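Colleague: I am new to reading protein models. Could you walk me through some features, one at a time?

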Amino acid sequence: VFFQVTVDPTSATSPLLIKDSVIFETNGNSQNVKLTAVGQNVYIHKPDHFPTNGLPPYSITGRENFDTILPNDKPHLFFGYTVIDSHCKLTMQAGTKWYFYNNAVLWVYDQGTLVVSGAPGNEVTFQGMRLEAEYKDVPGQWGKIWLSKGSKDNVIDWAIIKNGNIGIEADSIPDSQPTLALTNTVIKNMQAAAIYGKTAHIRSSNCLFANCGQYVAALSLGGNYSFVQCTFADYWTGSGGSSSSSMARTTPVLAVNNNYTYEGTIYVYPMDSCYFANCIIYGDQSEEVGFDTIAGASVPFSYQFDHCVIKSAHNFSNGHYTGCYQNNNPGFKDVTMNNYELNSATSIAVNSGNTAIVVPFADLNNYPRDSTPDIGAYEYH
């Protein structure tokens with residue numbers, strides 16, 4: 001017997017419990033079977049453009065030459081690709097919930113802009129549409145947030161992005177303004193990577209990137225990157241926190257690349273800057289930093305680690321590492337529960353940050369930092 005529940009669209013915008021019952025009478029015996037379901041009214045966004053030039057079916061959330069503010073009174077459910085069009089700025093207010101159907105993608109098109117304005121305790125959430133407890137930490141439920149080439153002035157502040165294939169893919173040519181300013185955000189439980197930059201310009205602080213099947217951060221084809229007070233951590237177990245040796249991760253937490261090969265030709269891109277300050281880069285592999293660079297190329301490859309805790313066998317005396325701690329376990333509270341706060345006042349990360357750089361006033365829990373900041377996204381207290 002199959003029962004279908006249709007939520008009354010005029011009902012409350014918050015989740016509601018729907019109850020009913022079915023009475024079965026068989027040979028004079030009566031059975032009363034209780035039925036319960038949880039439902040919620042949502043804004044539904046489905047593709048209404050079906051191009052024939054190879055592009056996927058899509059809907060347009062932000063119209064060209066218009067600024068749009070997405071309502072936050074009830075969640076948004078997206079199917080397929082949804083596009084922020086050229087010369088449009090789409091703003092998401094604090095508390096906005098964005099649910100993706102399988103493989104759905106948020107696509108910020110050329111000259112489009114995404115602004116996510118969450119708040120502490122009232123973050124903007126991006127996740128799959130399955131809300132049952134067993135899907136709470138399952139990766140691969142949706143596609144990605146794609147900041148495609150030419151998108152500009154994207155800002156994401158106080159957001160939670162989880163359980164997809166790629167958290168954010170930023171694919172742009174760097175210029176004087178960053179492709180993305182990313183702050184106070186958690187990106188976790190991604191099938192491939194939390195953040196994937198391709199010749200991008202990203203400025204990030206106070207963020208957690210964690211628990212991904214391949215890389216936590218893949219910075220490829222050069223670019224311009226800065227990460228301050230961030231935690232990059234990976235103890236991938238396959239899905240939902242349960243061990244799965246067949247899905248074991250073999251790639252590093254952080255991968256940095258400046259080239260690719262196409263039909264036998266090697267193309268090399270400048271890495272103008274790749275800077276990490278007061279960051280933790282740690283996981284359960286023996287090497288958590290991977291470089292794929294073309295030696296002797298006539299383009300710059302600049303990278304620097306400043307007062308970071310890093311799990312790596314690289315040579316820390318080569319001038320690219322300042323005040324760093326090599327292979328000193330930072331002591332996270334509970335990696336099986338995605339809790340990457342510092343567990344003890346004796347952690348190597350406590351009071352070990354560079355005090356000369358400008359750090360966020362408060363940590364990712366909105367707890368104030370002191371004058372000697374801890375390394376990573378969380379201040380111990």
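Colleague: What should I know about the model itself?

Modeller: It is a predicted model: local features need pLDDT of at least 70, side-chain atom pairs count only at pLDDT 80 or more, and totals for chains, interfaces and linings use all residues. Residues are numbered from 1 along each chain as its sequence is written, and side-chain values use heavy atoms, leaving out hydrogens and water.

Colleague: How many salt bridges does the structure hold?

Modeller: Ten. A salt bridge is a side-chain nitrogen of Lys or Arg within 4 Å of a carboxyl oxygen of Asp or Glu. Arg369 and Glu379 meet in one, at 3.4 Å from N to O. Both lie in the segment after strand E34 (339–342), so the pair ties together parts that are ten residues apart in sequence. Strands (E, at least two residues) and helices (H or I, at least four) are DSSP runs, numbered from the N terminus.

Colleague: Which residue forms a salt bridge with Glu169?

Modeller: Lys198, with the closest N and O atoms 3.1 Å apart. This pair links distant parts of the chain: Glu169 is in strand E16, and Lys198 is in strand E19 (residues 193–205), 29 residues apart. Glu169 counts as buried at 5% relative accessibility. Lys198 counts as buried at 18%. Salt bridges that share partners join Lys144, Glu169, Asp171 and Lys198 into one network.

Colleague: Are Arg130 and Glu132 buried or partly exposed?

Modeller: Arg130 is partly exposed, at 36%. Glu132 is partly exposed as well, at 31%. They form a salt bridge, and the closest N and O atoms are 2.6 Å apart.

Colleague: Now the rings. What describes a pair of aromatic rings?

Modeller: The distance of the centres and the angle of the planes. Rings of Phe, Tyr and Trp (its six-membered ring) pair if their centres lie within 6.5 Å; planes under 30 degrees apart are stacked, over 60 edge-to-face, and the rest tilted. A search of the whole structure finds 24 aromatic pairs. Phe232 and Phe276 form an edge-to-face pair, 5.8 Å centre to centre with 70° between the planes. Phe232 lies in strand E22 (residues 231–234) and Phe276 in strand E26 (residues 271–277), so the pair ties together parts that are 44 residues apart in sequence. Both residues are buried.

Colleague: Which residues share an aromatic cluster with Phe232?

Modeller: Among them are Phe209, Phe227, Phe276, Tyr303 and Tyr321.

Colleague: Last, a loop. Where does Asn163 lie?

Modeller: In the loop between strand E15 (159–162) and strand E16 (166–171). Asn163 is buried, with a relative accessible area of 2%. The side chain of Asn163 reaches the backbone oxygen of Lys136 at 2.9 Å. A polar contact of 3.2 Å joins the side chains of Asn163 and Asn189. A polar contact is a pair of N or O atoms within 3.5 Å; within protein, one must be able to donate a hydrogen and the other to accept it, and residues adjacent in sequence count only if both atoms are side-chain atoms.

Terms used
Buried means under 20% relative accessible area, exposed over 50%, partly exposed in between (1.4 Å probe, protein chains only).
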